[in-house]
Amino acid sequence: MKGVSISGFGKIDEKIGMASDWPIPTPGKGQLLLRVQACALAPGDVRTLSGLTDRFQGPKKWPFIPGGDVCGVVVKVHEDEKTFKVGDCVVSRFDTVPHGGLAEYHVVKSSESERKPASASAVEGAALGSSGMAAMLLAESGVKPG
């Protein structure tokens, strides 16, 4: 599969590249394999790429594929999956490590996924993950312009 790769911490325009020989991941228990339609980059992705949070969000090895908030179609499920089935269009946010979403296929946790609202595009669906949740929490907290 093709995916965007990052070769190390630093300026994104110096570290980003394309890779065409990444293996298609296999979903384990509690996971779904998505054919990615859209990926949103959230603040966690920026922190990861900067190296500021490498102790708990950093990649385990280089290069890696960034991105954790995605929208895609389920193409494979673990045999124990009860909530989603092949063909479902879902949105998913990263759990603790925002890696893997800027690729053709991405494994996500079923517990961090929801069906995409029919009225939302794939791009809008991907943005509903971390960034959408942060915006909703701010709006609900009473934060006002100015």
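Start at the second largest pocket: select Val-91, Ser-92, Arg-93, Ser-111, Glu-112, Ser-113, Glu-114, Leu-128, Gly-129, Met-133 and Met-136, which line it. A pocket here is an open set of points on a 1 Å grid where a 1.4 Å probe fits, with protein on both sides within 12 Å along at least five of seven lines; lining residues have an atom within 4 Å of a point. The model is predicted: local features need pLDDT of at least 70, side-chain atom pairs 80 or more, while totals for chains, interfaces and linings use all residues. Numbering runs from 1 along each chain as its sequence is written, and side-chain values use heavy atoms, without hydrogens or water.

Colour the lining by class: four nonpolar, four polar and three charged residues. Gly counts as polar.

Next, select β1 (residues 3-6). Gly-3 and Ser-5 point one way, Val-4 and Ile-6 the other, and all are buried (under 20% relative accessible area; exposed is over 50%, partly exposed in between; 1.4 Å probe, protein chains only).

Now show Phe-9 and Trp-62. Their rings pair edge-to-face, 4.8 Å centre to centre with 85° between the planes (pairing needs centres within 6.5 Å; edge-to-face means planes over 60 degrees apart). Phe-9 is partly exposed at 29%; Trp-62 is too, at 37%. Phe-64 is buried, at 6%. Ring pairs link Phe-9, Trp-62 and Phe-64 into a cluster.

Finish at Arg-35. Its charged end sits over the ring of Tyr-105, 5.3 Å from the centre (CZ of Arg within 6 Å of the ring centre and within 35 degrees of the ring normal).

How values were computed. Helix = DSSP H or I, 4+ residues; strand = E, 2+ residues; numbered from the N terminus. Phe/Tyr/Trp six-rings, centres within 6.5 Å; stacked < 30°, edge-to-face > 60°.
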